[in-house]
Amino acid sequence: MRSLTARAVDAPLDPPLRNSLNTIPRAPLVIAEVQTAEGPAGCAYVFPYTPAALGPTAALVRNIGAGLADRPLAPATLWAELHDGLRILGTEGLVQIALSAIDMALWDALGQAAGQPLCRLLGAAPRPLPIYASLRGWGAAMLAEEAGRAVATLGARAVKFKLGQARLEDDLETVRAVRGAVGDGVDILVDYNQALSRPEAERRGRALQALDVRWLEEPLPVDDDAGLAALRGALHLPVQGGENWWGPRGMARALAAGAVDLCMPDAMKIGGVTGWQQAAALAAAHRVPMSSHIFIEASAQLLPATPTAHLLEHLDIAGPLLRSPLVVREGMAQVPERPGLGLEWDEAALARWRAEV
């Protein structure tokens with residue numbers, strides 16, 4: 001490759017993402033792009049959540065990428081070199097996000113060069129993937145309406161939403177409202193975004209499992225492995241986690257502690273495609289079902305090559321900026337046959353929401 005560059009966009013999220021902690025109204029994205037002598041050859045995006053992180057993330061991608069000029073397209077080799085070289089600084093936070101952007105762009109470039117979708121490079125055939133609709137609203141009325149729409153328009157057979165209201169009864173009312181909107185044939189999944197204490201997580205978990213909720217996501221802080229393991233022992237309700245693990249080592253620590261029944265690494269935080277492959281091997285060794293967290297285009301390519309693949313989270317962050325967003329039909333994501341990650345940017349939309357960083 002000739003060089004690796006980055007550009008940034010800051011587009012509105014419509015509707016915004018809401019949870020018990022905050023509201024996320026915008027989608028600040030950094031797009032890493034591999035350039036060859038012939039022009040653009042591969043790209044990927046990351047979502048650092050806040051516009052305040054756009055500039056630092058883009059700068060990291062550019063600065064780290066500058067050292068890769070004229071190197072061969074060898075993502076696994078470069079992944080190991082970069083992680084070793086940055087070990088003293090540390091490879092979590094924005095550093096990991098930048099490294100993941102670079103890794104995914106390199107893999108996309110390989111797919112483009114081969115004329116094959118990424119999943120084929122990883123040894124798997126594209127196949128339809130079951131989704132769960134990840135809802136954006138907050139509160140019983142808003143979530144019931146959104147859940148019913150997801151079932152009607154996407155054919156979703158599972159829906160996930162945020163809980164964490166001050167009173168347990170308000171959380172239970174929300175679950176009952178969503179159940180009334182989707183019927184008995186749709187799985188209900190809930191997410192607490194690490195907001196509960198250990199006693200409160202057990203109290204709410206017992207109440208939720210009585211309502212046939214199918215997973216309890218991040219009830220405790222992600223690094224409270226002992227607390228999560230104890231909670232698993234107290235409940236029949238499966239504990240889900242993983243979107244905030246930094247790299248395969250973070251995942252290995254949590255699995256060794258028995259912190260989760262189910263896992264859902266995030267392509268941006270786990271280390272891109274190369275990190276995901278390591279994570280998939282860990283999940284397979286522990287026989288833990290593995291779902292995805294956002295990044296639906298990359299996840300649709302990664303899950304077919306994941307031995308314990310479970311569900312694809314359908315939360316479309318980049319769709320309004322793409323010419324060909326991921327298609328969902330009858331509750332199944334249709335994995336595209338386009339080369340690499342299958343990203344086709346709408347340049348007019350990128351220009352409209354371009355961020356100067």
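Me: Which residues in H6 meet Arg203, Arg204, Ala207 and Leu208 in H7?

Reply: Good place to start! This is a predicted model, in which local features need pLDDT of at least 70, side-chain atom pairs count only at pLDDT 80 or more, and totals for chains, interfaces and linings use all residues. Residues are numbered from 1 along each chain as its sequence is written, and side-chain values use heavy atoms, leaving out hydrogens and water. With helices (DSSP runs of H or I, at least four residues) and strands (runs of E, at least two) numbered from the N terminus, and contact meaning heavy atoms within 4.5 Å, the H6 residues are Leu168, Asp171, Leu172 and Val175.

Me: How many charged residues are in the contact of H6 with H7?

Reply: Ala, Val, Leu, Ile, Met, Phe, Trp, Tyr, Cys and Pro count as nonpolar, Asp, Glu, Lys and Arg as charged, and the others, Gly among them, as polar. The contact of H6 with H7 has five nonpolar residues and no polar ones. The number of charged residues is three.

Me: At roughly what angle do the axes of H6 and H7 cross?

Reply: Axes are lines fitted to C-alpha atoms, for helices over the stretch in contact, and angles run from 0 to 180 degrees between N-to-C directions. The axes of H6 (residues 168–182) and H7 (residues 198–209) come within 11 Å, and they cross at roughly 30°.

Me: Are H3 and H11 roughly parallel or roughly perpendicular?

Reply: Under 35 degrees counts as roughly parallel, over 145 as roughly antiparallel, 65 to 115 as roughly perpendicular, and the rest as oblique. The axes of H3 and H11 (residues 272–286) come within 6 Å and cross at roughly 95°. Therefore the two helices are roughly perpendicular.

Me: Which residues of H11 make the contact with H3?

Reply: On the H3 side, the contact is made by Ser100, Asp103, Met104 and Trp107. By class, the contact of H3 with H11 divides into three nonpolar, four polar and one charged. The H11 residues are Gly272, Val273, Thr274 and Gln277.

Me: Is Arg287 buried or exposed?

Reply: Buried means under 20% relative accessible area, exposed over 50%, and partly exposed in between (1.4 Å probe, protein chains only). Arg287 lies in the loop between H11 and H12 (296–302), and its phi is near 55°, a positive value in a residue other than glycine. Because its relative accessible area is 74%, Arg287 is exposed.

Me: Is Ile294 buried or exposed?

Reply: Ile294 is found in the loop between H11 and H12. Its phi is near 35°, a positive value in a residue other than glycine. Since its relative accessibility is 3%, Ile294 counts as buried.

Me: Which residue does a cis peptide bond join to Asp14?

Reply: Omega of this cis bond is about 0°.
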